[in-house]
Amino acid sequence: MADSTSQDQAQPRGFELLKQHTLAHKIDVALWTTRLLAVFFTFAYFIPIFGNPYNAYYKVLMANAATSALRLHQRLPGVSFDREFLSRLLLEDSCHYLFYSLIFLYVAPVTFALLPVFLFSIIHFSSYSLTLLDLLGHNSWWGARLLISLVEFQSRNILRLIAFSEIFLMPYTVILIFMGRAGLLTPFVYYHFLTQRYNSQRNPYTRNMFHELRMTVEGLAQKPSTPGVLRNALLSLVAFTCRLAPPTRPAPAQ
């Protein structure tokens with residue numbers, strides 16, 4: 001009994017345990033920090049009480065780029081300059097979102113572009129925050145735990161919303177050209193990003209959302225009440241989108 005008591009006293013608790021975890025998992029804590037920054041600067045963009053909102057917009061994208069780079073370092077720690085490494089790099093979701101950040105860093109602020117970054121940051125920040133709260137004690141910060149539970153409960157809907165926003169940013173980048181807020185190459189570069197998301201092996205939500213949208217549009221076109229002109233326009237839109245869809249990559253061998 002005495003030995004058990006002494007072991008409990010020797011076991012680090014609370015902030016001491018959190019400190020040890022931070023030292024042992026530096027990259028994970030750094031990822032948690034960059035995601036927190038992305039969330040903070042998103043709020044600073046919409047509620048400009050901490051400075052220039054335009055600066056906050058670009059800081060969100062830079063925080064997301066830092067997150068993506070750190071995650072790539074975790075997933076592909078050994079860098080090599082060969083075709084195989086490049087193929088593995090392009091398959092990583094983190095590479096896709098590093099690419100995404102670079103696309104919108106070089107155009108005028110696009111509020112809609114912050115939505116996927118903000119939502120992804122919320123999901124992953126909440127998940128790791130729960131790990132950190134567990135280190136502090138199961139009864140600590142119950143209010144934060146409640147908010148995290150709400151995020152986790154809605155995670156599937158959040159991921160679907162992210163996929164929806166990724167898709168509708170494609171035609172929006174074309175509109176940005178006519179508004180003088182993006183260059184001619186922006187839609188072509190974004191299309192490359194979207195094809196990467198469509199072929200993602202770790203996150204099928206963009207591919208699934210394309211399928212859901214196709215079923216919805218085709219269902220609307222087939223309704224008897226739909227005018228013929230609108231029906232033809234909707235079916236033409238579906239056919240055009242299907243022609244742009246990249247071939248699905250086979251899943252990597254396990």
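How many nonpolar, polar and charged residues does the lining of the largest pocket have? In this predicted model, that lining has 18 nonpolar, 3 polar and 2 charged residues. The chain itself holds 12 helices and 0 strands, and 36% of its 254 residues count as buried.

**Overall architecture**

- Read along the sequence, the elements follow the pattern α-α-α-α-α-α-α-α-α-α-α-α, and the C-alpha atoms fill a box of roughly 85 × 45 × 45 Å when this is taken along the principal axes.
- Among contacts between residues at least 6 apart in sequence, 69% join residues that are at least 24 apart.

**The largest pocket**

- The largest pocket has a volume of about 820 Å³, and of the 23 residues that line it, Ile167, Phe210, Leu237, Thr241 and Cys242 lie nearest its centre.
- At least two residues of this lining are supplied by each of H9, helix H10 (186-198), helix H11 (205-221) and helix H12 (228-244).

**The second largest pocket**

- The second largest pocket holds about 610 Å³ of space, and it is lined by 24 residues, of which Arg35, Arg71, Ser94, Phe120 and His124 lie nearest its centre.
- Two or more lining residues come from each of helix H3 (26-46), helix H4 (53-75), helix H6 (93-105) and helix H7 (114-136), and the largest share, 6 residues, comes from H4.
- By class, the lining of the second largest pocket divides into 7 nonpolar, 9 polar and 8 charged residues.

**Nonpolar cores**

- The largest nonpolar core has 40 residues, and those with the most contacts inside it are Tyr57, Tyr100, Phe104, Val110, Ile162 and Tyr190.
- H3, H4, H6, H7, H9, H10 and H11 each supply at least two residues of this core, with H9 giving the most, 8 residues.
- Apart from this core lies another one of 5 residues, which includes Leu18, Val29, Tyr128 and Leu132.
- As general background, nonpolar side chains tend to be buried together in soluble globular proteins.
- Tyr190, one of the core residues with the most contacts, touches Tyr100, Ile103, Phe104, Ser165, Glu166, Leu169, Met170 and Thr173, when residues up to four places away in sequence are not counted.

- Ser165 has its place in helix H9 (residues 155-178), and because its relative accessible area is 0%, which is under the 20% limit, Ser165 counts as buried.
- Leaving aside neighbours within four places in sequence, Ser165 is in contact with Phe112, Leu115, Pro116 and Tyr190, while its side chain reaches the backbone oxygen of Ile162 at 2.7 Å.
- Ile162, the residue whose backbone oxygen the side chain of Ser165 reaches, is itself among the residues with the most contacts inside the largest nonpolar core.
- Lys26 is found in helix H3, and because its relative accessible area is 56%, which is over the 50% limit, Lys26 counts as exposed.
- The side chain of Lys26 reaches the backbone oxygen of Leu23 at 2.7 Å.

Note on methods. Residues numbered from 1 in each chain as written. Predicted model: local features only at pLDDT ≥ 70, side-chain atom pairs only at ≥ 80, totals over all residues. Heavy atoms only, no water. Helix = DSSP H or I, 4+ residues; strand = E, 2+ residues; numbered from the N terminus. Buried < 20%, exposed > 50% of the residue type's maximum accessible area, 1.4 Å probe, protein only. Polar contact = N/O pair within 3.5 Å; in protein donor to acceptor, adjacent residues only side chain to side chain. Contact = heavy atoms within 4.5 Å. 1 Å grid on protein atoms, 1.4 Å probe; cavity = no way out; pocket = protein on both sides within 12 Å on 5 of 7 lines; lining within 4 Å. Points joined across faces, edges and corners; volume = space filled by probe spheres on them. Nonpolar A, V, L, I, M, F, W, Y, C, P; charged D, E, K, R; others polar. Core = buried A, V, L, I, M, F, W, Y, C linked by side-chain atoms within 4.5 Å.
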